[in-house]
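Trainee: I would like to learn how to read strands, domains and interfaces from a model. Can we go through them in turn?

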Amino acid sequence: MSAQWIEACGADEIDEEDVIRFDHGGRSFALYRDEDDGYFATDGLCTHENVHLADGLVIGRIIECPKHNGRFDYTTGQAKGAPVCVDLKTYPVKVEGGRVFLRI
Amino acid sequence: MAEPGMVIIGAGEAGTGAATALREGGWTGPIALIGEETHPPYERPPLSKAVMLADGEPVLPLIGHGDRFAELSITYLAGARVTAIDRAAKTVRLDDDRALPYAKLLLATGARPRRMMIEGDEALLYLRSFSDALAIRSKLGPGRRLVVIGGGFIGLELAASARQRGASVTVVEAAPRILMRGVPARLADGLAERHRTAGVDLRTGVDIARIEPGDASHGVWLADGSRIEADCVVAGIGATPDTALAETAGLTLDNGIAVDETLTTSDPDIMAAGDCCSFPHPLYAGRRIRLEAWRNAQDQGSAAARAMLGAGEPFTAVPWFWSDQYDLHLQIAGLADGGATTIERDVGEGAVILFHLAADGRLLAASGLGPIGRIAKEVRLAEKLIARSARPDPEALASPTFKLKSLLAA
C-alpha cells in the first residue's frame, strides 16, 4: 500500500511544546507541536516498553517517555541514551487550512 | 599481566550503564564487566511484572541490545565471582584465581533480599534474579495459592501479577500499613484498596509466627494464631547492600559502601554506584542516603563512569521511584520525609498528585497515583522544580488547571 496523507486533527488541538495521541488504522502515533509552530509525528509507543509517548513531557525538541524517561528527538526520532537505544520511526507532517496531516 | 583497565564488579543496571558510559566517555583501554549470573545483563523491574504476566515462556528483559558489548569492546565476564580486592596491587582476584589489574574499580554489587530467620524458613522464596522469577512464576496460576510476606514494592507487584494470573493471594505485612517506607499514607491506602478490590487478602499489623513446610504446600502461621495454606510463600521484606568485598578490602561502610558526592569510596581509585552505596545528597541537607531504585542505579552508573575518567562532579539527581500494580501507576520524585506541608491535587479519573513542601516552602517531593497519563508529566515537572529548590505557590499546586511547566520558564 502506498503512503497517503491522513487528516489527524486541528492545528490548535495541540498546545505549543506538547504532544497528543492519534490512532489510525490500528496504529497509534504521537503528534507534536514545537515552540515555533513546527509539527512532527512519530510512532506512539516508546521503543523501550509499550508506553505511549503522548503521556510524556515535551521539552524543546525532546519527548520523554512518561515511565522511564527514555528520551527521543521527536523531529528525527533519534534515541538520546539509556534506557532507549532504538530510534523512533517518524512520519512527514503538513498543516493545511488549520488541519494537521501525516503521511503514513 | 594485562594492561590495567576499568574493572566493574556487578553487571546490573549501574555496572552495565557504567561500562557503556566509560567507552562513550572516551576511555580506549580495556573495560571488564564482571557478573555473577550467567545471563547477559538484564533489567530487574520487569521480574515482578512482565515476566510474571507473560503468556508464553518469558523473555529475558535485556539491558540494551545484545551486540552492544562487542561494538564497544567491553569484556563481559559472565558467571564470574570476585573473591578479593588487593588495593595495594590494584587487582581483583576472580574465583578461577585469575587476577585482573585495574586503573579504576567500580563496585556495583547491588543488594540482596533480606533473609527472614524464622522456623521453617527453608520453604521461603525470594525475588531478585531472573531465575528467582521463573521459579516463582512456575507456582502461580489459576487455583494456586500465594502468600507474600511484606507489603513493599516487590511483594505488592508480585501480588498484583499473581492475581492477574488467577492465583489466590494473601499479603501479610507486620507494619500497620503497606509501603511504610517512602510512600505517603494517602497513596498507600489507595493501593491497598485496589488490591482488596482485586481480591487480595491484605493483612496488616500482624507478624509471621512460623512456616510449616510441606511437600506440595506449606502452612503459614501468623502471630494471631491463624494459618494460611500456600503453594508458594515469597518473602519481600527489604534488601541489604552487598558490601562483603568492600568490607574485606577495608573500605569505609555506612549503610552500604560509603562514597562522597562524586561516588568515590575511601580509596580514590575505587568508586561505587547503585543499591550498594550510600552517598550525601545536597538537596536534602547533605544527608547520607542509600537508594534501591532503578533510575538511581542508571544515573549513578554513568556518574561513576565520569568519576573514573577523572571528570567526577557532585551527584545531585533527584531520587525517583515508580511502581506498576494492576492499572495503577505510582511515581515518586524526591524524598517526602522532612516535609511540613502536603498539598493534594485531584487530577481526575481517581488519580491524585501530592506535593510535599518543607517549612520554608521549598518543594521536597511529589508523588502521584493513577493512570500514567494523569500523573507522569506533572511529577516529572515537579522533579525539575525540586532540583532547582523551587518554592511554588501552594494554591497553584493544588489547582488541577495550573501548569507546572509555566514555572520552569521563570
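**Reading chain B**

Mentor: This is a predicted model. Start with a local feature: β11(B) and β12(B) make a hairpin, with 5 residues between them.

Trainee: In which sense do strand β11 and strand β12 of chain B pair, and over how many bridges?

Mentor: Strands count as paired if DSSP finds at least two bridges between them. Here β11 (residues 208-212) and β12 (residues 218-222) of chain B are antiparallel, with 4 bridges. For one of the pairs, look at Glu212(B), whose bridge partner in β12(B) is Gly219(B).

Trainee: How many residues of domain 1 of chain B are in contact with domain 2 of chain B?

Mentor: A contact here means C-beta atoms within 7 Å. By that rule, 12 residues of domain 1 of chain B contact 14 residues of domain 2 of chain B. On the domain 1 side, helix α2 (residues 50-53) of chain B has the largest share, 3 residues. That side consists of 7 nonpolar, 2 polar and 3 charged residues.

Trainee: What does chain B bring to its contact with chain A?

Mentor: Chain B brings 11 residues, in contact with 10 residues of chain A. Helix α9 (residues 372-387) of chain B gives the most to the chain B side, 6 residues. By class, the chain B side has 4 nonpolar, 5 polar and 2 charged residues.

Key: Residues numbered from 1 in each chain as written. Chains lettered and ligands numbered in written order. Predicted model: local features only at pLDDT ≥ 70, side-chain atom pairs only at ≥ 80, totals over all residues. Contact = placed C-beta atoms within 7 Å. Helix = DSSP H or I, 4+ residues; strand = E, 2+ residues; numbered from the N terminus. Nonpolar A, V, L, I, M, F, W, Y, C, P; charged D, E, K, R; others polar.
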